[in-house]
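Hi,

Here is the structure I promised to pass on. Have a look at it first, and then read my notes below.

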Amino acid sequence: MKEFNLENLVRETVKALKPYSSARDEYVSDGSEMIFLDANENPFENGVNRYPDPQQRSLKLILTQQNNVKEENILLGNGSDEVLDLIFRAFCEPGQDNVITMPPTYGMYKVLCGINDVENREVLLTADFELDVAKILEAVDTKSKIMFICSPNNPTGNAFSKRNIEALLKAFNGLVVIDEAYIDFSGIESWVASLSKYPNLLVTQTLSKAYGMAGIRLGICYASKEIITILNKIKPPYNINQLTQDRAMDRVVAQKMVQSEVERILEERDSLVKVLNKLDFVETVYPSDANFVLAKVDNADKRYNELLKAQIVVRNRTNQPLCENTLRFTVGTSKENQKLIAILKEMN
Ligand SMILES: *Cc1c(COP(=O)(O)O)cnc(C)c1O
């Protein structure tokens, strides 16, 4: 294949775009006492009367230290969903380009294809939920801009083999987005460590899962300076609000607390897996590198409704490809898990 060239992937309209310049872009505070009369804000202090930092520098500074990257390698979004949408809009020409996904996987990639009028080429995972590298590469053509690899994968729970992901990174001339929403629950190393090796790699993470902050909406994208510069150009100027920046900073510095919650969730996951494996109506419990477990049961609709009657809501994945009669169980607190286990044991 020919050499990777980012310029060839960016939409012409994005290349030509002059980004919005906000008051906080044009005058960046150096910490000295200034009177700010440049953004039409209400001057009476209440903690949020000022616009937030459009580049979220304080929060990014912590992330640079924790992940051994530079600020220029980070873009923050209103959840990873906004990050993923920005990636589509920067690189995929509506009605012309295509992206490749590997179902069963996170449903948002397909929705974003619909929103952005981009063809979704789907290449099923193998029967053991691994990437089918040869088939994926067969699906690639000159209009293929992005591959979305969710690892650990939702809803199957497994992380994909490093060798397969590496093969795709090397063979594909478009962008490879590795969605690491569940990375903190797995023992595997983040692909962020490989950014300098692969100019076509983007890694997305989120505070919504292990960090316990789904409510503040904070997604993270790590990539080369060149890719981040393009995404920065099209992001809404103040996409991360002040409350989110403040809460996120408090949390990302509390690594011990996050780590201990992750450990407790993993212990609960393992006890749930043990119980599921013993139940007659459970046929397969798939290995998980995440905070949820996918299990194949005798009749997913029936079991889903029985759990609902017991006031427990799980995710019925039976309509996903390769997932017939599967349920996805998120791991809750010890108390919630005990209740779930008690109900499961009564079912027959
Ligand atoms: C939950 C999840 C996300 C998180 O999305 P946010 O918008 O950051 O809440 C991203 N990717 C996958 C695969 C997920 O399961």
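Which of the 13 residues around the ligand come nearest? They are Ser 80, Tyr 182, Thr 206, Lys 209 and Arg 217, where a residue counts as near if one of its heavy atoms lies within 4 Å of the molecule.

Before the rest, a word on how to read this. It's a predicted model, so local features need pLDDT of at least 70 and side-chain atom pairs count only at pLDDT 80 or more, while totals for chains, interfaces and linings use all residues. Residues are numbered from 1 along each chain as its sequence is written, and side-chain values use heavy atoms, with hydrogens and water left out.

Back to the ligand. An oxygen atom of the ligand is 2.7 Å from an N or O atom in the Thr 206 side chain. For the side chain of Asn 154 the corresponding distance to a ligand oxygen is 2.9 Å, and for that of Lys 209 it is 3.3 Å. On its own the ligand exposes 380 Å², and the protein buries 93% of that (accessible areas by the Shrake-Rupley method with a 1.4 Å probe).

Next, strand 7, residues 219-223 (strands are DSSP runs of E, at least two residues, and helices are runs of H or I, at least four, both numbered from the N terminus). Five of its five residues are buried, so strand 7 is largely enclosed by the rest of the structure. Buried here means under 20% relative accessible area, with a 1.4 Å probe and protein chains only. Gly 219, Cys 221 and Ala 223 point one way, with Ile 220 and Tyr 222 pointing the other.

Strand 7 has antiparallel partners: strand 1 (residues 74-77), through four bridges, and strand 6 (residues 201-206), through five. Pairing requires at least two DSSP bridges between the strands. Gly 77 sits opposite Gly 219, and Gln 205 has Ile 220 as its bridge partner.

Now the aromatics. There are seven aromatic pairs, meaning Phe, Tyr or Trp (six-membered) rings with centres within 6.5 Å; planes under 30 degrees apart are stacked, over 60 edge-to-face, and the rest tilted. Phe 129 and Tyr 286 make a tilted one, 4.9 Å centre to centre with 55° between the planes. These two are 157 residues apart, so to speak linking distant parts of the chain, and both are buried. Phe 88, Tyr 106, Tyr 109 and Phe 148 form one cluster.

Cheers

Methods:
Buried < 20%, exposed > 50% of the residue type's maximum accessible area, 1.4 Å probe, protein only. Polar contact = N/O pair within 3.5 Å; in protein donor to acceptor, adjacent residues only side chain to side chain.
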